[in-house]
Amino acid sequence: MQRMSTIKSLVLSQVFAIVFSLVATFAPQYFWLLVIAFMLIIPFTMGYSMIKTRITGRYQEIVSARKLLEEKDALEIAMRDPKLQGELAKQFKGMFYSFASLPAIIVISVLYNNYVRQPYFSGEDPILRFVGALIMYELFIITGRVIQYFTSRKSGYALMIPNQYIVTIKGIVGKGVTVPFPLNEYEVEVNYRRRFIQLIPKKPKGVKSIIRLYTRDVFRLQNIVENYGGIQVNKKDDATLT
């Protein structure tokens with residue numbers, strides 16, 4: 001699923017590059033408008049696979065199945081976790097670095113437009129103009145992905161905490177979270193003291209999207225995950241994210 005999301009984001013990036021290059025070729029008066037649009041759209045398409053939760057077409061199947069547990073106050077429980085603030089601060093710091101792509105793209109667009117595109121790709125030949133525009137947008141994509149790579153190294157993970165969720169015999173659903181059973185693609189950890197169980201993808205692409213489920217009844221949730229999720233839960237009472 002994550003690999004397909006990454007491929008989809010790559011395909012979308014190339015589609016946008018081609019479309020924007022065509023518009024820049026035949027409607028150059030919109031050049032800077034397209035640069036701004038590209039700055040807003042491409043980071044979203046590149047980050048889509050990282051922040052995309054496991055929302056699948058199985059939502060209705062899961063939510064309509066026999067309910068085993070419902071947690072309505074997960075956010076309230078999370079706010080009592082003394083270590084959560086530090087973890088979120090690290091995550092937000094990594095997200096802040098991602099905004100570095102915006103000034104980088106502006107600098108690249110100015111330099112490229114003045115010293116490469118205008119001298120070499122501004123003739124009458126539309127094919128030449130198209131190639132010049134396409135090279136620029138590909139540079140944008142490469143720049144965004146390089147920054148994305150270093151951003152993922154800084155943050156290391158994306159912590160997802162649904163404020164409420166239900167667990168059925170078919171899986172887990174909450175706001176922005178749909179995880180079907182069995183949990184073969186996850187490592188599952190329980191922290192009794194901090195009152196959560198978290199699902200960590202075994203083979204993440206880019207930033208790990210960790211789903212953390214705070215609950216008043218950790219032992220009950222653990223039993224459900226082990227019995228219906230088909231996976232052994234690891235005890236990590238002193239674990240912190242790195």
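**Strands, a helix and a loop**

Analyst: Strand β4 (residues 171–174) and β5 run antiparallel and are joined by 4 bridges. Strands here are DSSP E runs of at least two residues, helices are H or I runs of at least four, and both are numbered from the N terminus. This is a predicted model, where local features need pLDDT of at least 70, side-chain atom pairs count only at pLDDT 80 or more, and totals for chains, interfaces and linings use all residues. Residues are numbered from 1 along each chain as its sequence is written, and side-chain values use heavy atoms, with hydrogens and water left out.

User: Which β5 residues are on each side, and are they buried or exposed?

Analyst: Val-177 and Val-179 are on one side, Thr-178 and Pro-180 on the other, and all are buried. Buried means under 20% relative accessible area, exposed means over 50%, and partly exposed is in between (1.4 Å probe, protein chains only).

User: What order do the strands of the open sheet come in?

Analyst: It goes β1-β3-β4-β5, 4 strands with antiparallel pairing; strands count as paired if DSSP finds at least two bridges between them. β1 (67–71) and β5 are the edge strands, each pairing on one side only. β1 and strand β3 (residues 165–168) pair over 4 bridges, with Leu-69 opposite Val-167 in β3.

User: Where does α6 bend?

Analyst: At Asn-113, by about 50°. The bend is the angle between axes fitted to the seven residues ending there and the seven starting there. Asn-113 is also one of the buried residues of α6, which include Tyr-112 and Arg-117.

User: Last one: where is Pro-82?

Analyst: Pro-82 is in the loop between α4 (74–78) and α5 (84–98).

User: And why does Pro-82 count as exposed?

Analyst: Because its relative accessibility is 73%. The C-alpha atoms of Pro-82 and Arg-194 are separated by 8.1 Å, with the two residues 112 apart along the chain.
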